[in-house]
Amino acid sequence: MEISEETFITNLGTHLRQLRESKNLSQQDLANDCSIPKVQIGRIERAEINTTVRTLVKIANALQIEPKELLNFQMK
């Protein structure tokens with residue numbers, strides 16, 4: 001099954017939002033915890049940017065999960 005980049009990035013953003021909310025964190029809380037701008041968290045969640053692996057690792061560390069868990073989602 002071929003997946004478009006746009007679909008993957010959209011699903012990643014949705015999954016990140018769900019993970020963040022499950023930890024009762026605001027975008028600002030997560031941004032503070034991983035030392036990246038709040039606007040960047042929002043842009044990732046809204047699939048406005050294709051983020052880097054480096055940023056995903058920072059986010060995973062802030063959420064206290066393995067980086068691979070950020071990519072473990074069902075495609076919609």
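**Before selecting**

The model is predicted, so local features are reported only at pLDDT of at least 70 and side-chain atom pairs only at pLDDT 80 or more, while totals for chains, interfaces and linings use all residues. Residues are numbered from 1 along each chain as its sequence is written, and side-chain values use heavy atoms, with hydrogens and water left out.

**Stop 1: helix α1**

Select residues 5–22, which form helix α1. Helices here are DSSP runs of H or I with at least four residues, strands are runs of E with at least two, and both are numbered from the N terminus. α1 has 18 residues and spans 26 Å from its first C-alpha to its last, close to the 26 Å expected at 1.5 Å a residue; the expected span is 1.5 Å times one less than the number of residues.

Next, colour the buried residues of α1: Ile9, Asn11, Leu12, Gly13, His15, Leu16, Leu19 and Arg20. Buried means under 20% relative accessible area, exposed means over 50%, and partly exposed lies in between (1.4 Å probe, protein chains only). Against which helices do these buried residues pack? They pack against α2 (27–34), α3, α4 and α5, a contact being heavy atoms within 4.5 Å. After the helix, select Asn24, which follows α1 and has a positive phi, near 55°.

**Stop 2**

Select Arg20, a residue of helix α1. Is Arg20 buried or exposed? Arg20 is buried, with a relative accessible area of 7%. Leaving aside neighbours within four places in sequence, Arg20 is in contact with Leu25, Ser26, Gln27, Leu30, Glu45 and Leu63. For a C-alpha distance, pick Arg20 and Ala62: they are 42 residues apart in sequence and 9.7 Å apart in space.

**Stop 3: the salt bridges**

Side chains of opposite charge can pair when their charged atoms come close. How many salt bridges does a search of the whole structure find? The search finds four, a salt bridge being a side-chain nitrogen of Lys or Arg within 4 Å of a carboxyl oxygen of Asp or Glu.

Show the side chains of Arg20 and Glu45, which meet in a salt bridge at 2.6 Å, N to O. Arg20 lies in helix α1 and Glu45 in helix α3, so this pair ties together parts that are 25 residues apart in sequence. Both residues are buried, Glu45 at 2% relative accessibility.

Arg17 is partly exposed, with a relative accessible area of 28%.

Now select Glu48 and Arg43, whose closest N and O atoms in their salt bridge are 3.8 Å apart. Glu48 is partly exposed at 45% relative accessible area, and Arg43 is partly exposed at 34%. Salt bridges that share partners join Arg17, Arg20 and Glu45 into one network.

**Stop 4: Thr51**

Move to Thr51, in the loop between α3 (38–45) and α4 (53–63). Thr51 is buried, with a relative accessible area of 14%. Not counting residues up to four places away in sequence, Thr51 touches Gln40, Ile44 and Leu56.

**Stop 5**

Return to helix α1 and select Asn11. Asn11 is buried at 9% relative accessible area and, beyond residues up to four places away in sequence, touches Phe73, Gln74, Met75 and Lys76.

Rings of Phe, Tyr and Trp (its six-membered ring) pair if their centres lie within 6.5 Å; planes under 30 degrees apart count as stacked, over 60 as edge-to-face and the rest as tilted. By this rule the count comes to one aromatic pair. Phe8 and Phe73 form this tilted pair, 5.3 Å centre to centre with 45° between the planes. Phe8 is in helix α1 and Phe73 in the segment after α5 (67–70), 65 residues apart. Phe73 is buried, with a relative accessible area of 13%, whereas Phe8 is partly exposed at 31%.
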